[in-house]
Structure formats: C-alpha cells, structure tokens
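Here are some notes to read beside the model. Take the points in order, and keep the structure open as you go.

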Amino acid sequence: MGRASCGQEPGPMDGGFRYDGAMSEQNHQGQLAPETRVLRQFRIVFNAVKNHFRQVERDAGLGGAQLWALSVIAQSPGIGVTELARALDIHQSTASNLVRALGGRGLIASAREGQDRRGVALRTLPAADAVLQRAPVPFAGVLPDALSSLDAATLARLEQDLGALIALLAVDEADAHVPLGEA
C-alpha cells in the first residue's frame, strides 16, 4: 500500500497518509487482502483492550491505569511515585496524576518517610480492598497480560514489525509512556 496517491506527498492535514484505494477487502480470488486481514487483527486487539477498560470502569469505578496503579501499590506497600512510574512504564508526572486521583477517591494514602522526609510512601486504604476484589483481572490489562505470555522469539518479531509500522505512521514515540486508557 502506498503512502501517496496522484503523485502528491502526504500532508499534515491528513495525518501523513493519503488513502489510495490499495486496501481492498478481497482480491480477485475472493480472499481478503493481507492489509485487510492485519487491519482486522488490529481491530480485534483494540476492541479487546477497549472492552476490558469498559469492564474495569463498570465493575471497579476506575480507569484501567488507575486500577493497575492501585494494584501495584497494594502489592508493594510503601512504594514511591518513582518506583510506581517504573513499574507501570509511564512518566513520573503521569504516575503523580494517578496517585493524586487515587488519593482523592480515598483509596490510597501517602506519607513522607525516610531520614530526610523527602520520599513519599504509598499505601492502600481499606476502601481499595473492595475495589480490587470487584475489579476484573488482569489488573495490568489484557494486552500487557497477553504480551507477557508470548515467547521471546514472538516478542522480538512483533517488536521489529511494529517498529516498522510505527516508522510509517511517523508518530511521537514519547506516546509509548502514555497508558492506553489515558490516550
């Protein structure tokens, strides 16, 4: 599938791509084109993620990233914001926002600890137990859970192939640290 049509280069108004009609649903033999099959696979993945986030919000009353953060804090009492950000693979500012939201809902408490009292230790409050008990698993989300189940060779192929797709999309790779439910 080409990135341009009619001899024009993709422009900023169209997200860098021009639809050139190359993606057809079926080829001459009645089989789906490879691009269509892969697009459908992406739809399945995205919809599975979206449906899980909806279920989390319905059952737990939290967003997916908030639930994951809450579960990490519950598993690691006394964890700091920096360690939480590392555990979730997100920016520290995003982790701080999650902590603020969870604290505002009465699910976690933070206390200054250490000799210099600069470190903040996070702990769940009793209300968090009820939320975690009614929340659907996996707490980290269905995509991270599925990825952690793949073998190393499959992950390496997937990483390489998705890297090629990301390069074609010409997107900001800083988005890699934004939780899916927050995008």
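1. Start with the elements. Helices (H or I, at least four residues) and strands (E, at least two) are DSSP runs, numbered from the N terminus. The model is predicted: local features need pLDDT of at least 70, side-chain atom pairs count only at pLDDT 80 or more, and totals for chains, interfaces and linings use all residues. Residues are numbered from 1 along each chain as its sequence is written, and side-chain values use heavy atoms, with hydrogens and water left out.

2. The protein chain has seven helices and two strands. From the N terminus on, the order is α-α-α-α-β-β-α-α-α.

3. Now burial. Of the 183 residues of the protein chain, 24% count as buried. Buried means under 20% relative accessible area, exposed means over 50%, and partly exposed lies in between (1.4 Å probe, protein chains only).

4. Look next at the largest pocket. On a 1 Å grid over the protein atoms alone, a pocket is an open set of points where a 1.4 Å probe fits, with protein on both sides within 12 Å along at least five of seven lines. Its volume is about 1900 Å³. Here, volume is the space filled by probe spheres set on the points, which are joined across faces, edges and corners.

5. Which residues lie nearest the centre of the largest pocket? They are Leu143, Leu147, Leu162, Ile166 and Leu180, out of 43 lining residues. A lining residue has an atom within 4 Å of a point. H1, helix H2 (64–75), helix H6 (142–149) and H7 each supply at least two residues of the lining. H1 gives the largest share, nine residues.

6. Ile166 sits in helix H7. Is Ile166 buried, partly exposed or exposed? Ile166 is partly exposed, because its relative accessible area is 33%.

7. Ile166 also belongs to a nonpolar surface patch of about 610 Å², whose members include Leu147 and Leu162. Nonpolar side chains (Val, Leu, Ile, Met, Phe, Trp, Tyr) are joined within 5 Å. Helix H7 (residues 152–169) gives the most to the patch, with six residues.

8. Finally, the structure holds one aromatic pair. The ring centres of Phe42 and Phe46 are 5.7 Å apart and the planes are at 40°, so the pair is tilted. Rings pair if their centres lie within 6.5 Å; planes under 30 degrees apart count as stacked, over 60 as edge-to-face and the rest as tilted. Both residues lie in helix H1 (residues 34–60), four residues apart.

How values were computed:
Patch = residues over 30% accessible without salt bridge, like charges linked within 9 Å, V, L, I, M, F, W, Y side chains within 5 Å. Areas by Shrake-Rupley, 256 points an atom, 1.4 Å probe, with all protein chains shown as cover. Salt bridge = Lys/Arg side-chain N within 4 Å of Asp/Glu carboxyl O. Phe/Tyr/Trp six-rings, centres within 6.5 Å; stacked < 30°, edge-to-face > 60°.
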